[in-house]
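User: I'm new to this one. Can you walk me through it?
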Amino acid sequence: GNLYASGRSTIYMVPSTGGEGKVLQTRVNGTNGIAFSKDGTILWSANNQNGTIYRIEINPDGTVKGFAEWLKDPKLLGIDGIQLDTAGNIWGVANRRNALVAITPDKKIIDVAVNDNKGSLEFPASMVFVGKTIYIANTDGATGANSPRQPGVGPSIAKVEVGIEGLPLPP
């Protein structure tokens, strides 16, 4: 029942009882997306500045048990809006490559959808699972594979069928 939020290299936790948020973890520079494991014991954090995924073990009381860099790869530059699926894969959009990626539990990065600046992914910034479909918000910023941003579609939503269910929030 706790609420977790990320921003500016810090992850915060607001207890289910309400009140002021507490610093849960620092040193997650560029954190821009968090997601929980199915059982709620692992909090994953994406660093979009350097393409890193952090693994944060969570105690039953909501505090940090362990913190480690789990994976760092140039293919993950701009990783944003991470979500998990029912098989334990981490999904995210790598906006500097206009890519939707799946990362397997054994750290294999799979490009599910990638395009230049003439495709449905144009500087993707966030994503959400709805069943076996991922909806991706694009900002169409002129960066990385989306530069120059011409022809550009402007802010938009892309839809990608992925064939696996997204993970619901933990109990």
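Analyst: The protein averages a pLDDT of 89, and 98% of the residues score at least 70; pLDDT is the predictor's confidence in each residue, from 0 to 100. This is a predicted model, where local features need pLDDT of at least 70, side-chain atom pairs count only at pLDDT 80 or more, and totals for chains, interfaces and linings use all residues. Residues are numbered from 1 along each chain as its sequence is written, and side-chain values use heavy atoms, with hydrogens and water left out.

User: OK, the core. Which residues have the most contacts inside the largest nonpolar core?
Analyst: Trp44, Ile53, Leu76, Ile90 and Ile103, in a core of 18 residues. Such a core is a set of buried (under 20% relative accessible area, 1.4 Å probe, protein chains only) Ala, Val, Leu, Ile, Met, Phe, Trp, Tyr and Cys residues joined through side-chain atoms within 4.5 Å.

User: Which strands each supply at least two residues of it?
Analyst: E5 (42-47), E7 (64-72), E8 (79-84), E9 (90-94) and E10 (99-103).

User: And what is Leu76 in contact with?
Analyst: Leaving aside neighbours within four places in sequence, Leu76 is in contact (heavy atoms within 4.5 Å) with Gly51, Ile53, Leu71, Ala94, Val101, Ile103 and Ile109.

User: New topic: in what order do the strands of the open sheet run?
Analyst: E12-E13-E14, with antiparallel pairing; two strands pair if DSSP finds at least two bridges between them. E12 (124-130) and E14 (156-161) are the edge strands.

User: How many bridges join E13 and E14?
Analyst: Six, with E13 covering residues 133-138. Thr133 has Glu161 in E14 as its bridge partner.

Definitions and conventions: Helices (H or I, at least four residues) and strands (E, at least two) are DSSP runs, numbered from the N terminus. Buried means under 20% relative accessible area, exposed over 50%, partly exposed in between (1.4 Å probe, protein chains only).
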